[in-house]
Amino acid sequence: MTVYALPDRVHTIIFDIDSTLYTNSAYAFEQIDIQLRRYAAVADISADEARAQIAAYREKWAAEHDGQKISLGNALTAFGIPIAESIRWRRELLEPALFLQPDEELRRTLERLAETYVLICVTNNPVLPARKTLEALGVSDLFPEIIGLDTCGVSKPDRRPFELAARLSGAAVSHCLSVGDRYDIDIALPLSMGMGAVLVSGVADVYRLPYVLKNGTRPE
């Protein structure tokens, strides 16, 4: 866990979902690979060729943008797959319940946080598979609002999903805290917007958030 900044007063915690609210390498891989396999079928190439094409493009893009990362959805647009199509793929293909189970410690943590803060999710997945993920984890009821790729039509990092999260939760941007597992996607932009930000390496770090917010530092 890296605590980059904490607002003087936190009103809203904006959570990423995938690899933040759960740690499951098999599902993290499948979320990406299932789209690459669909792209391979559409492009009439092998799955290995599709993986290599997208990996090479993302590596080149990062080299041309000071090491920043591009989301898979945005990368696919360079290969003729519009965002709307990749949204449809994910709605159709992703089944998180095949990989994830209810997490009682996560639920206790989020219930504790919800006593003080508004909780909202911002994800680069569409709302439907995101909601299925929260249901599989047993925490869906704690997140009335999900801002997904199909909500704003853009992927993180983009200001619009974060601005909408602040607006829907009734918070000033400066009173929001972004929590996620990828610096370039979940942390850098919120920091530049004046939000607080905490980088986590998985759900075990999320369990420690109540301590962090109470004490202003990570537990040792």
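Guide: Start with Cys121. Cys121 is buried, at 0% relative accessibility. Buried means under 20% relative accessible area, exposed over 50%, and partly exposed in between (1.4 Å probe, protein chains only). The closest cysteine sulfur to that of Cys121 is in Cys176, 13 Å away, which is too far for a bond. Cys152 is in no disulfide either; the nearest cysteine sulfur, again that of Cys176, is 14 Å away. Cys152 is partly exposed, at 24%. A disulfide is a pair of cysteine sulfur atoms within 2.5 Å, and by this rule the count is zero.

This is a predicted model: local features need pLDDT of at least 70, side-chain atom pairs count only at pLDDT 80 or more, and totals for chains, interfaces and linings use all residues. Residues are numbered from 1 along each chain as its sequence is written, and side-chain values use heavy atoms, with hydrogens and water left out.

Now the charges. Side chains of opposite charge can pair when their charged atoms come close. A salt bridge is a side-chain nitrogen of Lys or Arg within 4 Å of a carboxyl oxygen of Asp or Glu. The whole structure has 18 salt bridges. One of them joins Lys132 and Glu95, at 3.2 Å from N to O. Lys132 lies in helix α6 (residues 127-137) and Glu95 in the loop between α4 (83-93) and α5 (104-114), so the pair ties together parts 37 residues apart in sequence. Helices (H or I, at least four residues) are DSSP runs, numbered from the N terminus. Lys132 is partly exposed, at 23%. Glu95 is partly exposed too, at 34%.

Notes: Helices (H or I, at least four residues) and strands (E, at least two) are DSSP runs, numbered from the N terminus.
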